[in-house]
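Subject: Handing over a structure, with notes

Dear colleague,

I am passing a structure on to you, and I would be glad if you kept it open while you read. My notes come after it.

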Amino acid sequence: MPDLSTITMPIAEELKHFNLLLDKELVAESQPLCGIFQHVMNAKGKQLRPVLVLLSAKLFGEINDKTYRAALFVEMVHTATLIHDDVIDESGLRRGKPSINAHWGNRTAVLSGDYLLSKAVLNLSENGDYDILSEVLRTACLMSEGELMQSDKAAHFDINEADYFNIITRKTATLMEVCCKTGAFSVDADRQQISALAQFGKFLGIAFQIRDDIFDFQPSPELGKPAGNDIKEHNFTLPLIYCLDHCNEIQRKQLLADLRQVNEKSDLLPSIVERVISSGGIEYAESRMQEFINLALQQLDGFPQNDALFALRDLAHYCVERKV
(Lines give C-alpha, C1' and ligand atoms only; values in the text may rest on other atoms or scores of the structure.)
Protein backbone atom coordinates (compact mmCIF):
# COMPACT_ATOMS: atom_id res chain seq x y z
CA MET A 1 0.00 0.00 0.00
CA PRO A 2 1.49 3.40 -0.99
CA ASP A 3 1.88 5.94 1.79
CA LEU A 4 0.39 9.41 1.66
CA SER A 5 3.67 11.10 0.78
CA THR A 6 3.89 8.92 -2.33
CA ILE A 7 0.22 9.41 -3.23
CA THR A 8 0.48 13.21 -2.99
CA MET A 9 3.62 13.51 -5.15
CA PRO A 10 1.68 14.96 -8.13
CA ILE A 11 0.60 17.87 -5.89
CA ALA A 12 3.65 18.03 -3.60
CA GLU A 13 4.48 21.66 -4.40
CA GLU A 14 0.82 22.70 -4.33
CA LEU A 15 0.34 21.03 -0.95
CA LYS A 16 3.33 22.96 0.44
CA HIS A 17 1.81 26.17 -0.86
CA PHE A 18 -1.57 25.22 0.63
CA ASN A 19 0.02 24.76 4.07
CA LEU A 20 1.71 28.16 3.81
CA LEU A 21 -1.68 29.68 3.05
CA LEU A 22 -3.23 27.76 5.94
CA ASP A 23 -0.54 29.08 8.31
CA LYS A 24 -1.49 32.61 7.26
CA GLU A 25 -5.18 31.92 7.80
CA LEU A 26 -4.56 30.56 11.29
CA VAL A 27 -3.20 33.82 12.60
CA ALA A 28 -5.24 35.91 15.01
CA GLU A 29 -4.76 39.00 17.13
CA SER A 30 -6.10 37.18 20.19
CA GLN A 31 -3.33 35.44 22.13
CA PRO A 32 -5.52 32.48 23.15
CA LEU A 33 -6.46 31.86 19.51
CA CYS A 34 -2.81 31.99 18.43
CA GLY A 35 -1.97 29.28 20.95
CA ILE A 36 -4.96 27.17 19.93
CA PHE A 37 -4.18 27.42 16.22
CA GLN A 38 -0.55 26.50 16.85
CA HIS A 39 -1.83 23.47 18.74
CA VAL A 40 -4.07 22.61 15.77
CA MET A 41 -1.19 22.84 13.30
CA ASN A 42 1.05 20.69 15.49
CA ALA A 43 -1.62 17.99 15.64
CA LYS A 44 -2.91 18.24 12.07
CA GLY A 45 -3.93 14.96 10.49
CA LYS A 46 -3.62 13.48 7.03
CA GLN A 47 -5.25 16.48 5.31
CA LEU A 48 -7.21 14.10 3.09
CA ARG A 49 -9.87 16.69 2.33
CA PRO A 50 -7.63 19.41 0.88
CA VAL A 51 -5.68 16.66 -0.91
CA LEU A 52 -8.95 15.59 -2.57
CA VAL A 53 -9.65 19.18 -3.63
CA LEU A 54 -6.17 19.62 -5.10
CA LEU A 55 -6.07 16.25 -6.89
CA SER A 56 -9.57 16.75 -8.31
CA ALA A 57 -8.47 20.06 -9.81
CA LYS A 58 -5.10 18.70 -11.00
CA LEU A 59 -6.97 15.97 -12.88
CA PHE A 60 -8.15 18.59 -15.39
CA GLY A 61 -5.47 21.25 -15.39
CA GLU A 62 -3.48 23.66 -13.29
CA ILE A 63 -4.47 24.39 -9.72
CA ASN A 64 -5.44 28.04 -9.29
CA ASP A 65 -6.24 30.51 -6.51
CA LYS A 66 -9.88 29.43 -6.44
CA THR A 67 -8.77 25.83 -5.90
CA TYR A 68 -6.63 26.87 -2.95
CA ARG A 69 -9.50 28.84 -1.43
CA ALA A 70 -11.77 25.80 -1.75
CA ALA A 71 -9.12 23.60 -0.11
CA LEU A 72 -8.64 26.09 2.73
CA PHE A 73 -12.36 26.31 3.28
CA VAL A 74 -12.97 22.56 3.58
CA GLU A 75 -9.96 22.11 5.87
CA MET A 76 -11.06 24.92 8.18
CA VAL A 77 -14.66 23.63 8.27
CA HIS A 78 -13.42 20.10 8.96
CA THR A 79 -11.11 21.31 11.75
CA ALA A 80 -13.93 23.33 13.33
CA THR A 81 -16.25 20.32 13.32
CA LEU A 82 -13.57 18.17 14.97
CA ILE A 83 -13.11 20.77 17.72
CA HIS A 84 -16.87 20.87 18.31
CA ASP A 85 -17.12 17.06 18.17
CA ASP A 86 -14.52 16.73 20.93
CA VAL A 87 -16.58 19.03 23.15
CA ILE A 88 -19.77 17.06 22.49
CA ASP A 89 -18.02 13.70 23.00
CA GLU A 90 -16.04 14.98 26.01
CA SER A 91 -12.90 13.66 24.32
CA GLY A 92 -9.62 14.34 26.07
CA LEU A 93 -7.46 13.36 23.11
CA ARG A 94 -7.32 14.19 19.43
CA ARG A 95 -4.80 12.25 17.32
CA GLY A 96 -2.99 11.17 20.47
CA LYS A 97 -2.60 14.71 21.82
CA PRO A 98 -4.73 16.72 24.29
CA SER A 99 -7.86 18.05 22.60
CA ILE A 100 -8.64 21.78 22.54
CA ASN A 101 -11.41 21.34 25.12
CA ALA A 102 -9.13 19.31 27.43
CA HIS A 103 -6.42 21.98 27.25
CA TRP A 104 -8.45 25.21 27.19
CA GLY A 105 -11.94 24.19 28.29
CA ASN A 106 -15.25 23.72 26.49
CA ARG A 107 -16.16 27.41 26.18
CA THR A 108 -12.88 28.33 24.49
CA ALA A 109 -13.04 25.25 22.26
CA VAL A 110 -16.56 26.06 21.01
CA LEU A 111 -15.66 29.71 20.39
CA SER A 112 -12.47 28.79 18.51
CA GLY A 113 -14.45 26.40 16.32
CA ASP A 114 -16.98 29.16 15.65
CA TYR A 115 -14.13 31.53 14.78
CA LEU A 116 -12.71 29.06 12.25
CA LEU A 117 -16.10 28.61 10.59
CA SER A 118 -16.68 32.35 10.41
CA LYS A 119 -13.23 33.04 9.01
CA ALA A 120 -13.65 30.34 6.39
CA VAL A 121 -16.94 31.86 5.22
CA LEU A 122 -15.44 35.38 5.24
CA ASN A 123 -12.50 34.28 3.08
CA LEU A 124 -14.73 32.91 0.32
CA SER A 125 -17.28 35.73 0.44
CA GLU A 126 -14.57 38.42 0.19
CA ASN A 127 -13.30 36.73 -2.98
CA GLY A 128 -16.74 36.28 -4.50
CA ASP A 129 -16.56 32.46 -4.48
CA TYR A 130 -20.27 32.13 -3.82
CA ASP A 131 -20.57 28.88 -5.79
CA ILE A 132 -18.08 27.14 -3.48
CA LEU A 133 -19.57 28.82 -0.42
CA SER A 134 -23.05 27.59 -1.30
CA GLU A 135 -21.88 24.02 -1.86
CA VAL A 136 -19.91 23.73 1.36
CA LEU A 137 -22.52 25.45 3.55
CA ARG A 138 -25.13 23.03 2.19
CA THR A 139 -22.74 20.23 3.13
CA ALA A 140 -22.25 21.68 6.62
CA CYS A 141 -26.04 21.56 7.11
CA LEU A 142 -26.10 17.89 6.09
CA MET A 143 -23.19 17.10 8.43
CA SER A 144 -25.02 18.68 11.36
CA GLU A 145 -28.17 16.81 10.42
CA GLY A 146 -26.22 13.54 10.36
CA GLU A 147 -24.80 14.16 13.82
CA LEU A 148 -28.25 14.99 15.19
CA MET A 149 -29.71 11.85 13.61
CA GLN A 150 -26.95 9.77 15.19
CA SER A 151 -27.59 11.32 18.61
CA ASP A 152 -31.31 10.65 18.33
CA LYS A 153 -30.77 7.01 17.34
CA ALA A 154 -28.24 6.55 20.16
CA ALA A 155 -30.70 7.97 22.70
CA HIS A 156 -33.44 5.56 21.63
CA PHE A 157 -31.26 2.51 20.93
CA ASP A 158 -33.11 2.24 17.65
CA ILE A 159 -31.05 1.99 14.46
CA ASN A 160 -30.87 -0.30 11.46
CA GLU A 161 -28.41 -0.62 8.60
CA ALA A 162 -30.33 1.81 6.38
CA ASP A 163 -30.25 4.42 9.16
CA TYR A 164 -26.52 3.86 9.59
CA PHE A 165 -25.73 4.52 5.94
CA ASN A 166 -28.04 7.53 5.93
CA ILE A 167 -26.16 8.97 8.91
CA ILE A 168 -22.61 8.37 7.69
CA THR A 169 -23.43 9.66 4.21
CA ARG A 170 -24.43 12.96 5.80
CA LYS A 171 -21.85 13.29 8.57
CA THR A 172 -18.76 12.05 6.69
CA ALA A 173 -19.27 11.31 3.01
CA THR A 174 -20.85 14.62 2.00
CA LEU A 175 -17.70 16.56 2.92
CA MET A 176 -15.48 14.30 0.80
CA GLU A 177 -18.06 14.60 -1.98
CA VAL A 178 -17.92 18.39 -1.91
CA CYS A 179 -14.09 18.34 -1.83
CA CYS A 180 -14.00 16.54 -5.17
CA LYS A 181 -16.85 18.63 -6.56
CA THR A 182 -15.37 22.03 -5.71
CA GLY A 183 -11.89 20.99 -6.84
CA ALA A 184 -13.28 20.02 -10.24
CA PHE A 185 -15.36 23.11 -10.85
CA SER A 186 -12.57 25.42 -9.64
CA VAL A 187 -10.83 24.53 -12.93
CA ASP A 188 -14.03 24.56 -15.04
CA ALA A 189 -14.52 20.82 -15.50
CA ASP A 190 -17.77 19.97 -17.30
CA ARG A 191 -20.99 19.01 -15.52
CA GLN A 192 -20.66 15.27 -16.18
CA GLN A 193 -17.07 15.18 -14.91
CA ILE A 194 -18.00 17.13 -11.78
CA SER A 195 -20.90 14.75 -11.08
CA ALA A 196 -18.71 11.64 -11.46
CA LEU A 197 -16.02 13.05 -9.16
CA ALA A 198 -18.64 14.03 -6.59
CA GLN A 199 -19.91 10.43 -6.61
CA PHE A 200 -16.33 9.21 -6.21
CA GLY A 201 -15.95 11.39 -3.13
CA LYS A 202 -19.26 10.25 -1.63
CA PHE A 203 -18.52 6.53 -2.01
CA LEU A 204 -14.97 7.09 -0.76
CA GLY A 205 -16.33 8.87 2.32
CA ILE A 206 -18.72 6.02 3.13
CA ALA A 207 -15.90 3.47 2.88
CA PHE A 208 -13.63 5.74 4.96
CA GLN A 209 -16.20 5.94 7.78
CA ILE A 210 -16.74 2.17 7.80
CA ARG A 211 -12.97 1.75 8.22
CA ASP A 212 -13.03 4.19 11.14
CA ASP A 213 -15.90 2.25 12.71
CA ILE A 214 -13.98 -1.00 12.38
CA PHE A 215 -11.05 0.64 14.19
CA ASP A 216 -13.29 1.09 17.24
CA PHE A 217 -12.98 -2.65 17.87
CA GLN A 218 -9.18 -2.50 17.64
CA PRO A 219 -7.39 -0.41 20.32
CA SER A 220 -4.79 1.90 18.81
CA PRO A 221 -2.47 4.37 20.59
CA GLU A 222 -2.01 6.15 17.24
CA LEU A 223 -5.73 6.91 17.08
CA GLY A 224 -5.65 8.25 20.60
CA LYS A 225 -8.63 6.28 21.85
CA PRO A 226 -9.28 2.82 23.29
CA ALA A 227 -11.41 0.08 21.75
CA GLY A 228 -15.14 0.43 22.29
CA ASN A 229 -15.31 4.22 22.36
CA ASP A 230 -18.33 4.26 20.03
CA ILE A 231 -19.99 1.58 22.14
CA LYS A 232 -19.61 3.71 25.27
CA GLU A 233 -21.12 6.67 23.42
CA HIS A 234 -23.98 4.43 22.22
CA ASN A 235 -23.06 5.02 18.57
CA PHE A 236 -24.39 2.02 16.67
CA THR A 237 -21.80 1.28 13.97
CA LEU A 238 -22.03 -1.30 11.19
CA PRO A 239 -20.26 -4.20 13.01
CA LEU A 240 -22.54 -3.75 16.04
CA ILE A 241 -25.68 -3.46 13.90
CA TYR A 242 -24.70 -6.69 12.11
CA CYS A 243 -24.21 -8.44 15.45
CA LEU A 244 -27.63 -7.30 16.71
CA ASP A 245 -29.29 -8.38 13.45
CA HIS A 246 -27.77 -11.87 13.70
CA CYS A 247 -28.53 -12.60 17.36
CA ASN A 248 -31.48 -14.67 18.48
CA GLU A 249 -34.09 -12.72 20.43
CA ILE A 250 -32.69 -13.62 23.87
CA GLN A 251 -29.13 -12.69 22.85
CA ARG A 252 -30.33 -9.42 21.30
CA LYS A 253 -32.18 -8.38 24.44
CA GLN A 254 -29.13 -9.20 26.57
CA LEU A 255 -26.79 -7.29 24.27
CA LEU A 256 -29.06 -4.23 24.29
CA ALA A 257 -29.29 -4.41 28.08
CA ASP A 258 -25.49 -4.57 28.34
CA LEU A 259 -25.14 -1.62 25.95
CA ARG A 260 -27.41 0.47 28.16
CA GLN A 261 -25.28 -0.31 31.23
CA VAL A 262 -21.81 -0.27 29.68
CA ASN A 263 -20.85 3.10 31.17
CA GLU A 264 -21.86 2.04 34.68
CA LYS A 265 -20.29 -1.42 34.41
CA SER A 266 -16.98 -1.11 32.59
CA ASP A 267 -16.37 -4.86 32.69
CA LEU A 268 -19.17 -5.27 30.12
CA LEU A 269 -17.21 -3.51 27.37
CA PRO A 270 -14.70 -6.30 26.54
CA SER A 271 -17.57 -8.80 26.42
CA ILE A 272 -19.57 -6.63 24.00
CA VAL A 273 -16.54 -6.14 21.76
CA GLU A 274 -15.89 -9.88 21.74
CA ARG A 275 -19.52 -10.66 20.86
CA VAL A 276 -19.40 -8.27 17.91
CA ILE A 277 -16.14 -9.77 16.65
CA SER A 278 -17.29 -13.38 17.05
CA SER A 279 -20.57 -12.63 15.24
CA GLY A 280 -18.67 -11.84 12.04
CA GLY A 281 -19.52 -8.14 12.30
CA ILE A 282 -16.01 -7.02 11.36
CA GLU A 283 -15.85 -9.23 8.28
CA TYR A 284 -19.27 -8.03 7.17
CA ALA A 285 -18.28 -4.38 7.60
CA GLU A 286 -15.09 -4.98 5.62
CA SER A 287 -17.08 -6.55 2.77
CA ARG A 288 -19.45 -3.55 2.61
CA MET A 289 -16.48 -1.18 2.78
CA GLN A 290 -14.94 -2.92 -0.23
CA GLU A 291 -18.24 -2.63 -2.13
CA PHE A 292 -18.22 1.14 -1.69
CA ILE A 293 -14.57 1.57 -2.59
CA ASN A 294 -15.20 -0.41 -5.77
CA LEU A 295 -18.13 1.90 -6.56
CA ALA A 296 -15.83 4.88 -5.95
CA LEU A 297 -13.16 3.55 -8.32
CA GLN A 298 -15.76 2.93 -11.04
CA GLN A 299 -16.53 6.66 -11.07
CA LEU A 300 -12.99 7.36 -12.28
CA ASP A 301 -13.41 5.36 -15.50
CA GLY A 302 -13.07 7.57 -18.55
CA PHE A 303 -11.03 10.34 -16.92
CA PRO A 304 -7.68 11.50 -18.35
CA GLN A 305 -4.93 8.98 -17.64
CA ASN A 306 -2.55 11.21 -15.71
CA ASP A 307 -0.68 11.28 -12.40
CA ALA A 308 -3.61 12.91 -10.59
CA LEU A 309 -5.93 10.07 -11.63
CA PHE A 310 -3.47 7.43 -10.50
CA ALA A 311 -3.09 9.30 -7.18
CA LEU A 312 -6.88 9.36 -6.66
CA ARG A 313 -7.02 5.61 -7.25
CA ASP A 314 -4.17 5.03 -4.82
CA LEU A 315 -5.85 7.30 -2.29
CA ALA A 316 -9.01 5.20 -2.49
CA HIS A 317 -7.05 2.05 -1.72
CA TYR A 318 -5.18 3.84 1.07
CA CYS A 319 -8.44 4.89 2.75
CA VAL A 320 -9.58 1.29 3.23
CA GLU A 321 -6.18 -0.32 3.82
CA ARG A 322 -4.83 2.24 6.32
CA LYS A 323 -3.97 1.16 9.86
CA VAL A 324 -4.82 4.52 11.50
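Predicted model: local features only at pLDDT ≥ 70, side-chain atom pairs only at ≥ 80, totals over all residues.

Residues are numbered from 1 along each chain as its sequence is written, and side-chain values use heavy atoms, with hydrogens and water left out.

Let me begin with the core. In soluble globular proteins, nonpolar side chains tend to be buried together. A nonpolar core here is a set of buried Ala, Val, Leu, Ile, Met, Phe, Trp, Tyr and Cys residues joined through side-chain atoms within 4.5 Å, where buried means under 20% relative accessible area, exposed means over 50%, and partly exposed lies in between (1.4 Å probe, protein chains only). The largest such core has 104 residues, and those that touch the most other members are L52, L197, F200, I210, F236, L259 and L315. Helix α9 (residues 161–185) gives this core its largest share, twelve residues; helices (H or I, at least four residues) are DSSP runs, numbered from the N terminus. Setting aside neighbours within four places in sequence, L52 is in contact (heavy atoms within 4.5 Å) with M176, C179, C180, F200, L204, L312 and L315.

Next comes helix α14 (residues 268–278), whose buried residues are L268, L269, I272, V273 and V276. These residues cover an arc of only 135° around the axis, which puts them on the same side of α14; the arc is that of the directions from the helix axis to the C-beta atoms. On the other side of α14, P270 and S278 are exposed. The cover over the buried residues includes α11 (229–232), α12 (238–245), α13 (249–261) and α15 (281–298). After α14 comes G280, which has a positive phi near 90°.

How do α5 and α9 pack? Helix α5 (residues 65–89) and α9 meet at an angle of about 170°, with their axes 10 Å apart, where axes are lines fitted to C-alpha atoms, for helices over the stretch in contact, and angles run from 0 to 180 degrees between N-to-C directions. The two helices are therefore roughly antiparallel to each other, a term for angles over 145 degrees. A70, V74 and H78 of α5 make the contact with L175, V178, C179 and T182 of α9.

Finally, the structure holds 13 salt bridges, each being a side-chain nitrogen of Lys or Arg within 4 Å of a carboxyl oxygen of Asp or Glu. In one of them, the side chains of K58 and E14 meet at 2.6 Å, N to O. K58 lies in helix α4 (residues 48–58) and E14 in helix α2 (residues 12–25), so this pair ties together parts that are 44 residues apart in sequence. E14 counts as buried, at 12% relative accessibility. Another salt bridge joins D258 and R275, with the closest N and O atoms 2.7 Å apart. D258 belongs to helix α13 and R275 to helix α14, so the pair ties together parts that are 17 residues apart in sequence. D258 is buried, with a relative accessible area of 7%, whereas R275 is partly exposed, with 24%.

Best wishes

Methods: Parallel < 35°, antiparallel > 145°, perpendicular 65-115°, else oblique.
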